[in-house]
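Have a look at it first, and then we'll walk through a few of its parts.

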Amino acid sequence: MPAGLRRTEAEREEFAAVFSGCGLLQGMDPVAYAYGGHQFGHWAGQLGDGRAITLGEVVRPNGAAWELQLKTERGIAGDGRAVLRSSIREFLASEAMHALGVPTTRSLAIVTSNDDVVRDQFYDGNVEAEKAAVVTRVAPSGSWLRIGTFELQAHRRDLPVLRKLAEHAMELLLPPGTPHQAGELLTWVTRQTAELVARWQAVGFVHGVLNTDNFSIFGITIDYGPFAFLD
């Protein structure tokens, strides 16, 4: 499993409680990220995790730290509930991309609910009741630092926070011995992003919301909302 958990852990009631958002383990301190973004060429202002919450980090025996994040949906002017259909879709897509060798977040678990939520799946006025669910996604720590995370602080002209963000990102990303300079970070992120998009094209993946709030500075695929694969 991507976070180093044993499969038998999923049989425990505590597992279901934590990964449905109904409970916490000792040491967990949930947070939601604030970020902005340019959406379809226009500045959208402050956005942030309306549909996701980070539970914390898990450090594997090899020393690698993974971030655990619960994802629902429709957090912005919505009811905050995800449907099982979209949760399974993200689970399958992220694991398929990993198997294809494309850098991506991974899926750890899906927990379903007995509650129904009403959705207009095809936006044609025909609403139906669907089962609610929560998907847990995991990725190397810091992976949900987005281009829009930096844009929001730049828009606010909050240079102290922007510098702290940049220094944190450089500690996580830059190879040992690389000078901690903004230009080095920009070059690294630009190269990784270009390589990521090239990998998408190689497997026919199309990201449906390719905005700066949906781009990780780590150069991995995040936010499986609208997406498709070309034939």
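Helix 3 and helix 4 run roughly antiparallel to each other (that label means an angle over 145 degrees) because of how their axes cross. This is a predicted model, where local features need pLDDT of at least 70 and side-chain atom pairs count only at pLDDT 80 or more, while totals for chains, interfaces and linings use all residues. Residues are numbered from 1 along each chain as its sequence is written, and side-chain values use heavy atoms, with hydrogens and water left out.

Now for the two helix pairs. Helices here are DSSP runs of H or I with at least four residues, and strands are E runs of at least two, numbered from the N terminus. Axes are lines fitted to C-alpha atoms over the stretch in contact, with angles from 0 to 180 degrees between N-to-C directions.

| Pair | Angle | Axes |
|---|---|---|
| Helix 3 (147–156) and helix 4 | roughly 160° | within 9 Å |
| Helix 4 (159–173) and helix 5 (182–203) | about 55° | 10 Å apart |

The crossing of helix 3 and helix 4 is left-handed, meaning the near helix is turned anticlockwise from the far one by less than a right angle. Where do they touch? Thr149, Phe150, Gln153 and Ala154 in helix 3 meet Val161, Leu162, Leu165, Ala166 and Ala169 in helix 4, where contact means heavy atoms within 4.5 Å. That contact has seven nonpolar, two polar and no charged residues.

Helix 4 also passes helix 5 in a left-handed crossing. Ala166, Ala169, Met170 and Leu173 of helix 4 meet Ala182, Leu185 and Trp188 of helix 5. This contact has seven nonpolar residues, with no polar and no charged ones.

Next, the second largest pocket, which holds about 260 Å³ of space. A pocket is an open set of points on a 1 Å grid where a 1.4 Å probe fits, with protein on both sides within 12 Å along at least five of seven lines; lining residues have an atom within 4 Å of a point. Its lining counts 18 residues, and Phe19, Leu25, Met28, Val58 and Leu68 lie nearest its centre. Strand 3 gives the largest share of that lining, four residues. By class, the lining has 11 nonpolar, three polar and four charged residues.

Definitions and conventions:
Nonpolar A, V, L, I, M, F, W, Y, C, P; charged D, E, K, R; others polar. Points joined across faces, edges and corners; volume = space filled by probe spheres on them. Parallel < 35°, antiparallel > 145°, perpendicular 65-115°, else oblique.
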